[in-house]
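Have the structure open while you read.

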Amino acid sequence: MASHSDTLVVFFGATAGANGGKLGSDEREIILLVWQIVDLHEKKVGKLQRRLVKPDSLELTDQSKEETGLSVEELYKAEPLDKVLQQFQQSVSAELKALGRSSYTLCVDGPLIIRQALHPEASKKNLVLPECFYSFVDVRKEFHKCCPNAGQVQDLTLHSMLEYVCIPELPLSEQVMGLKEVRCMVQLSLHILAEPYNHKFSCFEAVKYKLESGACSKTEPVDSETVIRARGLPWQSSDQDISRFFKGLNIAKGGVALCLNAQGRRNGEALVRFINQEHRDLALERHKHHMGSRYIEVTNSVSSPSVTVGTSNEVAQFLSKENQVIIRMRGLPFTASPQDVLTFLGADSPVTDASDGLLFVKYPDGRPTGDAFVLFSCEEYALNALKKHKQILGKRYIELFRSTAAEVQQVLNRYMSTPLISTLPSSSMVPMPVLATPPYLATGSTRDCVRLRGLPYTAAIEDILEFMGEHTIDIKPHGVHMVLNQQGRPSGDAFIQMRSADRAFMVAQKCHKKMMKDRYVEVFQCSTEEMSFVLMGGTLNRSGLSPPPCKLPCLAPPAYAAFPSPAMLSEAALYQPPLLATPRTPQPPHSPHPTPTLAYYPPQHHPAQLYMNMNMNYTAYYPSPPVSPSTMSYFASPPGSVALAAQQPHAQGHVASPMMPQHGALVRMQGLPYNAGVKDILSFFQGYQYSPEDYSSMVQMSQGQTRSLIQPKEWLCL
């Protein structure tokens, strides 16, 4: 736009739902647009224009009907939004030509009509907005700059601003919604342009056309007050999709980070960083707005353990080519070369700079992971590549989906910074009691428990107690058990132990499909055994009960560390932080003195923990008072844990010295066929001495690998 000083177009809009300070927060469509031209040089005003807009959904809230005075019948005869915007352009252009002006700027009372209503609706309807809607001035900020003593910007209203400069309000006969606001803004603008203020409109706000991609530096400071967390995203959504969801708000360069789970896959969450706190606050108003058919939870967030920030030189060089479309390839053969990938993509989707536009993800030792990122110069080439999703390269099908610069950083940092299996910890040991299964949670078939399914993710213990109402008195002490998912977040399930089966039956009858907040909750009667199975990682659904991984003979490790007797534990020990119990040392058959019971608590990536993470993904438990401590036999290991020995006195009263529980060696097999079984592996090692109970299989299919851990008593050669 050539100049912002020629003309102002005072602009106002209303929706079929909330208006005023909550405009755009409920996703309702625009139903009214009003505007009027103000010549800043001649101090003249143009004709007041008012247009009704026909929404796709002809439904008005009672509040909107009362405030706007419009009815469904009136809106049915109106034009849709794209037609009204064309009329706006034609009307403004004609008046500008008559005034001899060449440019104009929108003037609004707060940014909501532009940022929260017009841009999001146009994005959903795939409308191309005129250039004028990407720049505007806010009359409140201009007035605050002119009259700083009038109050904070967020506290200003048209009424308070007019009262401050002693401008009388319009008569009641002229107070029609839209017309009233535009006339007040015009009067206020003309007043601050004249003596004694002589104000110049200069605080121009911009709306970004598109998301700027880029890499984040490790030294770049991040203001926690500008970051939000978006949850419930479709797994295939890209940073551009997230940018469209927040259309109208300015996201910082490279400010969309898709969160990854422990396997490096997206978990449906993203962290989004905006240019300032004002835009972050507006983004929070889009909580539970829809992306397609799914609603997205938008919450405040300052950090996330699943997002790795910073970049390496390799990533920085790869992302230095701006305005490139990034595609992620997953499931590549480990022997695939750059030329194989280029041939697979074909001539209709040429890669930017050929092999230089490929970035293979590797482990620290140089082994490929099966992932790669590819750069394309335009959207057309990227779409041609996406058509090859699940086509065959070698003997494997390849997954292709859109990616982001932030995901490139996260995936590379995740694989390159952490070894797959770390070394065993040092021999420093500290006594620590560990509770395996509390004595008060005896399993049984008596159906004296209830299962709550479909809880809101924000539900707390207090919400459950309020939901149960008068039946709360029948809950056993510490009988509320909430279940977390694999990412450690509420799963929407909870178990409650009742005093008797009759009470559990009564709760299931009275509370089934009762509302909690904005969701109905299903309540089923179940037994303590079924509850214990689910808490340990099993599933309980209409198809029946599936046992947890530890109940499956093919997945169970041979032995686990013993724990002190419950009688030996103090009350405080019941609430110790959760620890990971790992395989214990096989005892010598003819030992004159029993060796001390040892429990290993390894670093983050000890083989035992890797084993547990891959095969025994137990449902995490949420121990918050007044609920019981964990009822699981195995726990997630906290970072930085060390080897601990539960020292027990000998018969003579002496304490045994600590000792390492492992002996022999661990061998990891990589590249096994997917159909390989136990017999195949045992046959492969025929002739070597090992004990069958020392064999354990560990399967990780996500990266296209199969691994096996074997702990032999003695290796002759390998």
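1. Before we start, one definition: two strands count as paired if DSSP finds at least two bridges between them. Also keep in mind that this is a predicted model.

2. Let's begin with strand β19, residues 449-453. β19 is joined to strand β21 (residues 490-498) by five bridges, and the two run antiparallel. If you want a spot to check, Cys-449 has Gln-497 as its bridge partner in β21.

3. β19 also pairs with strand β23 (residues 519-526), again in the antiparallel sense and over five bridges. Here you can look at Arg-451, whose bridge partner in β23 is Phe-524.

4. Is β19 covered on one face or on both? Both faces are covered. Side chains in a regular strand alternate between the two faces of the sheet. In β19, Cys-449, Arg-451 and Arg-453 lie on one side, Val-450 and Leu-452 on the other, and all are buried.

5. Now for another part of the model: an open sheet of five strands, ordered β9-β10-β8-β12-β11, with antiparallel pairing. β9 (251-260) and β11 (289-291) stand at the edges with a single partner strand each, so one side of each has no neighbour in the sheet. On average, neighbouring strands here are turned by 35° against each other, direction ignored.

6. Within that sheet, β8 (residues 227-231) and β10 (residues 266-274) pair over five bridges in the antiparallel sense. Ala-230 has Ala-270 as its bridge partner in β10. Helix α9 (residues 277-284) packs on the sheet and touches β8, β10 and β12 (294-300). The direction of α9 makes about 140° with that of β12.

Definitions and conventions
Residues numbered from 1 in each chain as written. Predicted model: local features only at pLDDT ≥ 70, side-chain atom pairs only at ≥ 80, totals over all residues. Heavy atoms only, no water. Helix = DSSP H or I, 4+ residues; strand = E, 2+ residues; numbered from the N terminus. Axes fitted to C-alpha atoms, helices over the stretch in contact; angles between N-to-C directions. Contact = heavy atoms within 4.5 Å. Buried < 20%, exposed > 50% of the residue type's maximum accessible area, 1.4 Å probe, protein only.
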